[in-house]
Each structure stands twice: as structure tokens, then as C-alpha cells.
Amino acid sequence: MNLDGSVALPTVDDPQDILALLGDRSTLARRPAFRIEEAEGTADMAAYRELRRAAFVQEQGLFAHHDLDDHDTDPRTVVLVAKDPEGTVVGGVRLCPVDDGPDLGWWQGGRLVVARRARGPHGIGAALVRAACARAEAEGVLRFDATVQARNEVLFRRLGWQRVRNTTVAGVPHVLMRWPIGRVAALAAATKSPLGPLLTALAPPQGFVGDDGAPVPGTDLIAACDAIVPSMVERDPDWAGWCAVLVNVNDLAAMGAAPLGLLDAVGARDAAHAARILAGLTRAAQAYDIPVLGGHTQLGVPAALSVTALGRTDRPVPGGGGRPGHAVRLTADLGGNWRPGYRGRQWDSTSHRRSDELRTMTGAVAAARPAAAKDVSMAGIAGTLGMLTEASGCRAVLDVAAVPRPGAATVGDWFTCFPGFAMLTADEPGAPPLPAGPATGAVCGELTEGEGVGLRWPDGEITEAVMSTVTGMGTA
């Protein structure tokens, strides 16, 4: 009894005890037979390794004394364990990069084990596999392999894995399986695939189908227009204003055009919100040394922002000028970091740059004049390359290890984010690099016959990032 007359309940730490005190028998009866979590501390790891020793050494005889290897001491290795309602480890699986070099987004799963007493209808093994797939994708992985015993192939195929080939481990037949990660293809499909059907009635200038800028007939003018996602304008108006200039200048730069001026159209709920949008837009225009020629501003409406950019060149570089045999080069500014609030989606490489650095980067395509160029858009590196190949009527193979990438970004994030300044170009092998100042450039693939984009890994394997065309707009 407490001093205030209330009844003192016993201290409980386990939700099961709370449910028991409440008399909630129905919820207790529906308790799951296990839960999956990341292994924490030496006790979880010791229990998991003991399960492995019991299964792979004593039960199956795959190893003589233990099954430990270098991956067990790699700090990047993730171990997921299954625990029963009492907290006892009854299963586990590990996943990690394939080697001790730089993490290229190629991981493998392995050492899947379930305690003998816990095998059966609970589905612990399948749940661990699904959890490992989800964790791999969360780690920014674009290739996830597993070498499984031949008798387990059916389970993995049922879970959506794809068979690659037969192999042998410790003298026992195994199968190399691969989890199909569709992150790149899904992004391209979500952002670009509706364009072809929507734009059928419009006829862009011959030779420039799929370009972000358009030559104005009878002149040397290039016009480009981009809108910012309304939700971004609403929650981050200053950054939206900056990006409205950035994306339009990049569109002109990809066509080798020197910027002449901008027109803006702003919608905002009130004057204060409009002022924040225009402040970001003004800062960017000053940084890129491009005048705002005019525009339209409306208050009392949902957030909206679009910008039209005008540039000049008498020899525009098309996005569809690539041909089989051309080398693919990525030139990207790796400086900066993830924009706060947009981690994994928007890399801010521009807001800290001086005007002369920005002008050097945006003038690089005009200086080098490659056969084809596309600035990397919201479709990401692989998706944008897919648009270049679609307009060029060919296929691309991208060497994952050769793609310039900042250390703070996983391969999965970098291949699917908006990178600030990044240009994909195609040209004859041996063509000079883009003179892009602080940006980093490297030849990282080639154009071939076919369609889509394949990712080539250090072992020579090619996985499909973009299966076919991206926009459906056809060749230039």
C-alpha cells in the first residue's frame, strides 16, 4: 500500500508480464513464436556461433573444428538473430561485403542456421532470409548473393531468389543464388516511365528527343524548364529556390549552352513563404552568375515553383548522340554532403562552391563537346544513363567499381540520388575528359548493342539495373 492509499504493483520489465497483470489472455495467446533483431553483445554472438558449430560442424560435418572465417571479424558484418519468447537465440544469419576492400554495394548472406528444436512450422529460417534481404537493401546494397546448400534451393526460390549456377563448398553441392534488388529500375519507372505515352502528341526538334533542353527553331537559343516537387517547396522553400536554378542550369550545361537568364513562376500561401523561396532562388542565381529576367508570383495558393532557363549555343550536344562502342564517363562533384532532411536522396555539392567553380563545371560539356551528354536527374545515375541509351538506341554497361563516388554515400544511395552536379557523357574511346574544375571524372562503362543498363561487378558478373527503355519516348 502506498502512502496515498493506492495499491503498489510489482515492477515489471517484460510486456508479457504487463499483459498477464491486465488479464489479456487473447493477446498472450497470439504472441509470435519468435522475433528477429540485430545481435547485440557477446552473449548473442556466442549463442549464434554455438548454433553454427552445432549445425555445420557436429550435425553436417562441413567443417572439422569450427566454421569461423574473416567475415566474423569484419566490423561491417551484420548478424541478425531469431529469439524465442524467453529471449533465447534459436537462429541467425549474417550478411557482409564480399571482401575486405571498399564497399561496392555487393554483399553476401551466409551461415543461416536454426536450432534443431526450433525447426519446423514456425518458419524461422525463411523469416531470417527475408530480414537479411531487407537489411541488405537498407545498407545501400545493389547486389546480394548467397551460396546455399542444394537442398535449400527450393526455399530460396520460393522466397523470390534467383538461381545463378551450381557450385561446391566443402565438398558439398551448393547453388549460388541472387536476391533481385530492383531499386534502380523502380526509381526509373516511378519518375520517367509515364513520359512516353503522355508526350506522344508533342514533337520535340528532330535529334533531341528526351533532352531536358530544347533548341528554339531558327535561333541559337536553348530553352529549358523544370518544376520543383510541391512538397519540397512547402517544407524547405529556401532549398527549393536554390534547386530550381540548379536543375535548369544543369539542363543547359548538358547541351553545351551558356546560360542567358531565368524566368520564375512562384506560388505560395503568403508573402513570408514566397520570400523564402525567392531568397534561395536569388542566392543561386547570383552564385551561378545568371540574371533573373522576370516571372510571376502568386500568393494565397498551394506551394509551387518552376523556372525556365534560356541559354545559347550554335552546336547543342544531344542526349541521344551515343553509339555502340562509345565510352561512358561520369563527371561528378563529390564535394559536400547529404542535404539535411534528404539523406540518401539529395547530395548537396553546389551550395558551398564559389561562382568560378560552378561556372567551370557547368561549362565543361561545351568545352569538351562529347557525342552525347545528360545531366544526372532524379532518376539517378543508372536511370539517367538509361535515358541516354534509349535516346541513342543502344545499351550501356556500367562498371560499378569505376564510378566516382563520395565516401559518405553507399553505392545504392549514390546510384539513385540526385547528385547536385553530375554529367554522363558518351564519346569515342580516348576522348578528352570534361574540364570540370573541382568535379571528378572517370570512364566507367561503354555503350553496346541492345537496350537498358547493366551493372558490371569486379568478378565480371553483370546484373540488370534497367531492363529496357526508361521513358518510352524512343530514339532521338
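Contact, in what follows, means heavy atoms within 4.5 Å. With that rule, residues 24 or more positions apart account for 75% of the contacts with a separation of 6 or more in the protein chain.

Before I continue, a word on the source. The model is predicted, so local features need pLDDT of at least 70 and side-chain atom pairs pLDDT 80 or more, while totals for chains, interfaces and linings use all residues. Residues are numbered from 1 along each chain as its sequence is written, and side-chain values use heavy atoms, leaving out hydrogens and water.

The protein chain has 14 helices and 21 strands, both taken as DSSP runs numbered from the N terminus (helices H or I, at least four residues; strands E, at least two). Of its 476 residues, 47% count as buried, where buried means under 20% relative accessible area with a 1.4 Å probe, protein chains only.

Let me turn to one residue, H326. Where is H326 found? It lies in the loop between strand 12 (304–312) and strand 13 (327–332). H326 counts as buried because its relative accessibility is 6%. Its side chain and that of E428 are joined by a polar contact of 3.3 Å; such a contact is a pair of N or O atoms within 3.5 Å, one able to donate a hydrogen and the other to accept it, and residues adjacent in sequence count only if both atoms are side-chain atoms. Beyond four places in sequence, H326 also has contacts that include G321, A371 and L447.

Finally, the cysteines. C96 is buried at 1% relative accessible area, and C133 is buried at 4%. With a disulfide defined as a pair of cysteine sulfur atoms within 2.5 Å, the count comes to zero.

Notes
Buried means under 20% relative accessible area, exposed over 50%, partly exposed in between (1.4 Å probe, protein chains only).
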